[in-house]
Amino acid sequence: MFAGSYCGSPPGLHEIAMRWNFDPALIAVLACGLALALRARNRLAASGVALLAVAFVSPLCAASVTLFSARSVHHLFLIAASLAFVMAVRDSGASNRIVRTLSGLHFPVGPATIAMTAVLWGWHVPALYDAALSNMLVYWVMQLSILATSFAFWHAVRRASAVGAVGGLLGGLVQMGFLGALLTFAARPFYLVHIVAAPSWGISALADQQLSGLIMWVGGMAPFAIGAAVIARKAWLLQDDIMPVAGIVRNPA
């Protein structure tokens, strides 16, 4: 029942532009999500749904069956969508039960970072990765676990102190960098499906894997680095604003 790749067979380069995924169940879920976002006038939530649509409806879904580098881009879209949903929850207040429930969740930064890291690294174990691309149930466990742990991570960072948030972001940056480096400098390709399919696009499986590592290394580390820099700068500016006031209180002359 669940056997086979959710995004279909690996497409050739000549047919990729036509490989859109119009799975009725997926379209229904995305349409409901978009309707709720538009009804709430929440642009960030709508952006998150749009990112998921690119990941699962556009030809990127099919391309990720052929190229491991496309799979890395796909995973980055999931992480970006989870960030958009976290920001959407922050900006929407407590207007409905779902938002109130999500807003009330509390994830410590440390465990959230460990959980996200474990899930990302776990699904890059060759046996688990190959299973996800050959069984639709395993595939959706992979996608939903990445989305859920990424959401928990960003939510924990948003609610943490400046020190905790920067620490979590640096932890995310380091683990993404190590994973990217492992893929970039590996001496052989790891994933069977891409070993077979990648050459049809004129690229070796090893070169595709190295490109994937660079995408995760540079593209994957960027949001963590930018987030840490922004939070650290805000904390520094806040401290600069507080210190003169403290000085006036201590020296009331």
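**View 1. Helix 9 and helix 11 are roughly antiparallel to each other.** In this predicted model, the two axes cross at roughly 160° and come within 7 Å. An angle over 145° counts as roughly antiparallel, and the pair is therefore placed in that class. The crossing in which helix 9 passes helix 11 is left-handed. On the helix 9 side, the residues that meet helix 11 are M176, G177, L179, G180, A181, L183, T184 and F185. Their partners in helix 11 are Q209, Q210, S212, G213, L214, M216 and W217. Sorted by class, this contact has 8 nonpolar and 7 polar residues, and no charged ones.

**View 2. Helix 8 packs against helix 9.** Helix 8 covers residues 136–159 and helix 9 covers residues 162–185. Their axes lie 7 Å apart, at an angle of about 150°. Helix 8 is therefore roughly antiparallel to helix 9. From helix 8, the residues F153, W154 and V157 take part in the contact. They meet A165, G168 and L169 of helix 9. Of the residues in this contact, 5 are nonpolar, 1 is polar and none is charged.

**View 3. Helix 6 crosses helix 8.** Helix 6 is formed by residues 109–122. The axes of helix 6 and helix 8 come within 9 Å, and the crossing angle is roughly 155°. Helix 6 is therefore roughly antiparallel to helix 8. The crossing is left-handed. Helix 6 makes the contact through V109, A112, T113, A115, M116, V119 and L120. Helix 8 contributes S145, I146, T149, S150, A152, F153, A156 and V157. The class count for this contact is 11 nonpolar, 4 polar and no charged residues. F153 and V157 of helix 8 take part here, and F153 and V157 are also among the residues that meet helix 9.

**View 4. The second largest pocket has a volume of about 420 Å³.** Its lining is made up of 16 residues. Those that lie nearest the centre of the pocket are M87, R90, V157, R158 and I231. One of these, V157, also belongs to the contact of helix 8 with helix 6. Four helices each supply at least two lining residues: helix 4 (68–92), helix 8, helix 9 and helix 12 (222–250). Helix 12 gives the most, with 6 residues. The lining divides into 12 nonpolar, 1 polar and 3 charged residues.

**View 5. A search of the whole structure finds 1 cavity of 30 Å³ or more.** The volume of the largest cavity is about 30 Å³. F68, P189, F190, Y191, H194, A205, D208 and Q209 line this cavity. Helix 11, which spans residues 205–219, gives the most to the lining, with 3 residues. Among the lining residues is Q209, which in helix 11 also takes part in the contact with helix 9.

Key. Residues numbered from 1 in each chain as written. Predicted model: local features only at pLDDT ≥ 70, side-chain atom pairs only at ≥ 80, totals over all residues. Heavy atoms only, no water. 1 Å grid on protein atoms, 1.4 Å probe; cavity = no way out; pocket = protein on both sides within 12 Å on 5 of 7 lines; lining within 4 Å. Points joined across faces, edges and corners; volume = space filled by probe spheres on them. Nonpolar A, V, L, I, M, F, W, Y, C, P; charged D, E, K, R; others polar. Axes fitted to C-alpha atoms, helices over the stretch in contact; angles between N-to-C directions. Parallel < 35°, antiparallel > 145°, perpendicular 65-115°, else oblique. Left-handed = near helix turned anticlockwise from the far one by under 90°. Contact = heavy atoms within 4.5 Å.
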